[in-house]
Amino acid sequence: MIHPLHSPSRLSVTLSELARLLNAELEGDAELKVYRVAPIHEARNGDLTFLSNSHYRSQLASCTASAVIINKLDKDCTSLAKLVVSDSYAAFRQVALYFSPVIPVTPGISPQAYIHPAAKIDAGAQIDAFSYIGQDARVGTGTVIEAFAAIGDGAVVGKDCRIGSHCLIGHYCNIGDRTIINGGAIIGGDGFGLVPEQGEWKKIPQMGRVVIGSDVEIGANTTIDRGTLSDTIIGNGVKLDNLIQIGHNVVIGEHTAIAGCVGIAGSTKIGRHCTIGGAAMIHGHIDICDGAQISAATAITKSIIKPGVYTSIMPFQEHETWRRNAVNLRHLNHMNEKIKDLEQKLMAMERKDK
Amino acid sequence: MIHPLHSPSRLSVTLSELARLLNAELEGDAELKVYRVAPIHEARNGDLTFLSNSHYRSQLASCTASAVIINKLDKDCTSLAKLVVSDSYAAFRQVALYFSPVIPVTPGISPQAYIHPAAKIDAGAQIDAFSYIGQDARVGTGTVIEAFAAIGDGAVVGKDCRIGSHCLIGHYCNIGDRTIINGGAIIGGDGFGLVPEQGEWKKIPQMGRVVIGSDVEIGANTTIDRGTLSDTIIGNGVKLDNLIQIGHNVVIGEHTAIAGCVGIAGSTKIGRHCTIGGAAMIHGHIDICDGAQISAATAITKSIIKPGVYTSIMPFQEHETWRRNAVNLRHLNHMNEKIKDLEQKLMAMERKDK
Amino acid sequence: MIHPLHSPSRLSVTLSELARLLNAELEGDAELKVYRVAPIHEARNGDLTFLSNSHYRSQLASCTASAVIINKLDKDCTSLAKLVVSDSYAAFRQVALYFSPVIPVTPGISPQAYIHPAAKIDAGAQIDAFSYIGQDARVGTGTVIEAFAAIGDGAVVGKDCRIGSHCLIGHYCNIGDRTIINGGAIIGGDGFGLVPEQGEWKKIPQMGRVVIGSDVEIGANTTIDRGTLSDTIIGNGVKLDNLIQIGHNVVIGEHTAIAGCVGIAGSTKIGRHCTIGGAAMIHGHIDICDGAQISAATAITKSIIKPGVYTSIMPFQEHETWRRNAVNLRHLNHMNEKIKDLEQKLMAMERKDK
C-alpha cells in the first residue's frame with residue numbers, strides 16, 4: 001500500500017477530467033494538472049483545494065493552490081482556477097476518493113492466524129496474522145480480519161467488511177456487508193444487568209446478540225453490549241464514532257450518526273436519521289423519534305417524540321464569572337419565589353394607589 | 001457452546017417445576033411447558049415472560065406468551081398463566097440462569113499461548129490461543145484467559161475468573177475469585193501523575209498495583225490505573241460497566257455499582273453500596289460516603305458525607321428555547337442583584353406608604 | 001523485574017544521601033536509613049513520606065514514618081526527621097524515581113512476533129511475543145513493543161519509546177522519541193468524516209496521518225484519529241490521560257496536559273501549555289489559545305482567545321433540591337422578563353410618588 005502523501009510518483013489529473021467527474025463548471029486552464037487534494041491552509045502549487053463553508057472565504061485570498069472546488073455562491077471570491085459545483089463538500093469527497101489509496105484485499109489465511117476447524121471462511125476473505133476465528137464462525141468474501149481481531153464462536157461477518165485490529169466480535173453476533181469496524185471496538189460484551197439481593201448485585205445472564213447491519217461504520221474502542229434476552233440492534237448505514245458506549249437491548253435506527261464519547265443506556269430506542277453530538281448522554285428505557293438531533297454534551301433524560309434539535313449545554317465562562325453565577329443555580333427556586341412575592345406586593349400597592 | 005436462541009433442541013420446563021424453583025404461586029396449567037424466557041414485546045407461544053415494572057402492564061394485553069412471572073400487585077392485569085412472586089425481577093434472573101447456556105471451562109493451555117517458564121498456571125485453568133502469561137504470573141483453577149488477554153509479570157488471577165479478550169492485567173496487579181473482566185479492559189496502566197518543571201510535565205513513576213476483589217465485574221474497554229505508591233483498590237462485589245476510567249489511588253468500596261462512561265479522578269474514595277449513574281464525573285481527592293447515589297451525567301466536585309441522591313443534570317429543551325434560557329445563565333448573578341434591589345426599593349415604598 | 005513493594009531485599013538510603021540528592025536541609029539523624037517512599041496514611045517505620053499540601057498537615061501528627069520531605073512553610077508542624085525543600089512534590093518525584101524499579105530493555109525480537117520482511121527494526125529494540133510490525137514500519141533503538149501491539153505498514157516509532165499492550169499505531173503514523181503509549185490506545189483510526197447524500201452518510205476517505213512528538217505520554221484506551229487530508233498532530237511533551245478521544249485534524253500544542261474522558265472534536269486547535277480537566281468536551285473547528293485552562297466537565301463551544309480558567313459545571317445538589325431548582329432552568333428567560341417588568345412598574349410608581 002502506497003500512502004498518497006508519501007508516494008514518489010503521485011497521481012495526476014487535469015481540471016477538464018475533474019470537471020467531467022464532478023459535473024462541474026470549469027473556470028481556468030482545462031489542461032492544468034493537479035496531483036493531490038489538500039486543505040486551504042496547506043494547499044500549494046500542484047494541489048486542488050475546496051471551499052465548503054463561506055466562513056473561510058478569506059483564507060482563499062493567500063492560498064497558492066492550482067485550483068479550487070467551490071460552490072456557485074462563493075465563486076467570485078477568488079481568482080484561482082475553479083471547479084464550480086452545487087455541493088462542494090460532496091464534490092470534495094469524490095475527488096478524495098479519486099486520490100485515496102486503494103487498500104487491496106489479499107485473499108488467504110495467514111499461517112499465523114488461529115482458525116477453529118469448524119469455522120467457515122470464504123476463499124475471498126483475508127485473514128491476517130494473529131487473528132482468531134472461533135468455532136462455527138463465518139467470514140464472507142472480500143472481508144479483511146486484521147491482526148489481533150477475534151471473531152467469537154458462532155459469530156457471522158458478511159462480505160467486504162473490515163474488522164480492525166484488536167476488535168472483538170463476540171459469540172453469535174452478526175455483522176452485515178461492507179461494514180467497517182475500527183480498532184479496539186468490543187462488540188458483544190455482557191450487558192450491565194444486575195439485580196440487588198441482600199445488599200449485593202447478582203448478575204443476570206446476557207443471552208442476546210449484537211446484530212449490526214450493512215454499510216455501518218464503528219469507531220475505535222467503541223463498545224456495544226449484547227442484549228439480555230433479545231438482541232442489541234444497529235441498523236443499516238449507522239455511523240458511530242470512537243469511544244461510544246451502547247448498552248444492552250438498545251436499537252439504533254438506520255442512517256443515524258453518533259459522534260464520539262456518547263453513552264446510550266440499556267433498552268433505549270433511537271430512531272432513523274438521527275444525529276447525536278459528541279459526549280451526549282442518553283438515559284435507558286426511552287424512545288428517541290426519527291430525525292431527532294441531539295446537541296453535543298446534552299443529557300437526554302426522557303423520550304423525544306418530535307423531530308427537532310434538543311440541547312442542554314451549560315454555557316462556559318471565565319471561572320470567576322461562572323462562580324458568581326453558579327452559586328445562584330443552587331437558589332433558583334428561591335429567586336423565583338422572590339419574584340412572585342414582589343409581583344404580588346407590587347400588585348397590592350398598585351391596587352391601593354388607585 | 002450452544003447459544004439458547006439458536007439451539008435446535010431447546011430446553012423445556014413445566015410451570016409446576018418453575019413454581020417450585022421460584023417459590024411462586026401458580027395460576028394456570030401446571031403441566032404447560034415453556035422453552036425460553038423472552039421480553040414482553042417478543043414473547044410468543046412457548047415463551048415465559050415477566051413483568052417487573054407496573055408501568056408496562058398495558059404491554060401484557062397483547063402478549064401471546066405462554067406464561068408470565070408477575071408481582072402480586074400486578075397479577076390481576078392479565079389472564080395469562082402466571083407465576084406470582086414477591087420480586088418478579090429477581091425471579092426472572094433465576095429463570096434466566098436456568099435457560100442460559102453453560103459455558104464450560106476446558107482446562108488446559110493452548111499450544112498457541114505464550115507462557116513464561118516462570119508462570120504458575122493451575123491445571124484447572126483454561127488458557128486460550130494467543131493469550132500471554134508473563135513471568136511469575138499466577139492463574140487459579142477454573143479461570144479462563146481468553147484470546148489476546150495478557151497477564152503481566154507477577155500478576156495474580158484467582159479462581160473461576162474470566163479474563164476477556166484483549167484485556168491487560170498489568171504487572172503485579174491482583175484479581176480475586178469469580179471476577180469477570182470483559183473485553184479490552186486495561187487494568188494497571190500508569191496513573192496520570194505529573195509534576196510541572198519549567199513549563200514541562202515530568203512523569204512520576206507509578207509503583208503501586210491495582211487490587212481487585214472477588215465477585216467483581218468490569219466492563220469492556222474500562223481502564224483502571226495503578227496507584228502511585230499504594231494501590232488502587234476495587235472492593236469485593238463491585239460492578240463496573242463499560243468505558244469507565246478509574247484514576248490512580250482510587251478506592252471503591254464493596255458492592256458499589258457504576259454505570260458506563262463514568263470518570264473517577266485520582267485518589268478519590270468511593271464508599272460501599274454506592275450507585276453512580278452513567279457519564280457522571282467525580283473529582284479527585286474527595287470522599288464519597290457509603291450509600292451515596294449519584295445521578296447520571298452529574299459532576300461531583302466535592303466530598304459527600306451523607307447518603308442520598310445527588311444530581312446536577314441541566315434539563316434539555318428544544319434548541320431555541322434552550323438558547324433563550326441559557327443566555328440568562330451568564331447573568332444569574334445580575335438577575336439576583338436586581339431582585340435584591342427591587343426588594344429594597346419596594347420595602348422603602350411600603351415604609352413610606354404607612 | 002522486581003516490584004519495589006514486593007522485593008525481599010529492598011533498597012535503602014540514608015537521610016544524608018537524600019539531603020544531597022534533593023539539595024535539602026536535613027533536620028534529624030543523618031545516618032537514619034529509609035527503605036521505601038510511602039504516602040502519609042501508609043508510611044511506617046523505615047519509610048520516607050512527603051507533605052506537598054498544607055491541607056494534610058494534621059495527618060502527619062499520627063504518622064510513624066522515619067522521615068518526611070516537607071516544604072519550608074510546613075516544617076514546624078511535625079517532629080519527625082525531615083528533609084526541608086522548596087518544592088516537596090518535585091522532591092518526592094526525585095525520590096520516587098530513586099526507588100522505582102528500573103524496567104530494563106532487553107534488545108531482540110521474540111520468535112513469536114510477526115515481523116514483515118520489509119520492516120526495519122533497530123538492533124537495540126525489544127519486540128515482545130505476539131507483537132506485529134507491518135510492511136516498511138520502523139522501530140528505533142531502546143524502544144519496547146509489548147505483546148499484542150501492532151505497528152501498521154509504514155509507521156515509524158522513534159527511540160526509547162514504550163508501545164503498550166494492545167496498542168495500534170496505524171499505517172504511516174509517526175511517533176517521536178521517549179514517548180510512552182499505555183495499553184489499548186488506538187492511534188490512527190479513521191476520522192469521522194461523512195457527507196450526507198440522499199438521506200445516507202457517505203464516508204470521506206481519511207488519508208492523513210497521526211504525528212506524535214517526543215516525550216509524549218498517551219493513556220490507556222485513548223483514541224486519536226488520523227487526519228482527512230493533512231495530519232492530526234500531538235506536540236512534544238503533551239500528556240494525555242485514559243479514554244480520551246481526539247478527532248481528525250486536531251492539533252495539540254506542546255506541553256499541554258489533558259485528563260481522562262475528554263473528547264476533542266475534529267479540526268480543533270489546542271494551544272501550548274494548556275490544561276484540560278477530566279470529561280471536558282471541546283467542539284470541533286475552534287481554536288483554544290496557549291495557556292488556556294479548562295475545568296473538568298466543562299463544554300467548550302467556541303474559540304478561546306485569552307489565557308485563563310474557563311468553567312461550565314452545573315453544581316450538584318441533593319436530588320429534591322436540584323429538582324426544585326432545575327425546573328426554573330426551563331423558564332429563566334421568563335424569570336428575566338418578569339424582573340424587567342417589575343423594574344419598569346416600580347420605576348413608574350416611584351415617578352408618580354414624587
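Biologist: Which residue in strand 40 of chain B stands opposite Tyr310(A)?

Modeller: In this predicted model, strand 39 of chain A and strand 40 (residues 317–318) of chain B pair in the antiparallel sense over two bridges. Two strands are said to pair if DSSP finds at least two bridges between them; helices (H or I, at least four residues) and strands (E, at least two) are DSSP runs numbered from the N terminus. Within this pairing of two chains, the residue of strand 40 opposite Tyr310(A) is Glu318(B).

Biologist: What is the mean pLDDT of chain A?

Modeller: Residues are numbered from 1 along each chain as its sequence is written, while chains are lettered from A and ligands numbered from 1 in the order of writing. In a predicted model such as this one, local features need pLDDT of at least 70 and side-chain atom pairs count only at pLDDT 80 or more, whereas totals for chains, interfaces and linings use all residues. The pLDDT is the predictor's confidence in each residue, from 0 to 100. In chain A, 97% of the residues reach 70 or more, and the mean is 94.

Biologist: Which element gives the largest share of the side of chain A that touches chain B?

Modeller: Counting residues as in contact if their C-beta atoms, placed from the backbone, lie within 7 Å, 63 residues of chain A meet 64 residues of chain B. Several elements of chain A give two or more residues to this side, including strand 39 (308–311), helix 4 (319–329) and helix 5 (332–353). The largest share is seven residues, and it comes from helix 5 of chain A.

Biologist: Which residue in strand 7 of chain A stands opposite Ile70(A)?

Modeller: An open sheet of five strands in chain A has the order 2-7-6-5-4 and mixed pairing. In that sheet, strand 6 (residues 67–71) and strand 7 (residues 81–85) of chain A run parallel and are joined by five bridges. The residue opposite Ile70(A) is Val84(A).

Biologist: What angle does helix 3 of chain A make with strand 6 of chain A?

Modeller: Helix 3 (residues 88–99) of chain A packs on the sheet, touching strand 4, strand 5, strand 6 and strand 7 of chain A. Axes are lines fitted to C-alpha atoms, for helices over the stretch in contact, and angles run from 0 to 180 degrees between N-to-C directions. With strand 6 of chain A, the direction of helix 3 makes about 145°.

Biologist: Which residue in the turn between strand 22 and strand 23 of chain C has a positive phi?

Modeller: Strand 22 (residues 194–197) and strand 23 (residues 200–203) of chain C pair in the antiparallel sense over four bridges, and Trp201(C) is the bridge partner of Pro196(C). These strands form a hairpin with two residues between them. The turn residue with a positive phi, about 50°, is Gln198(C).

Note on methods: Two residues are in contact if their C-beta atoms, placed from the backbone, lie within 7 Å.
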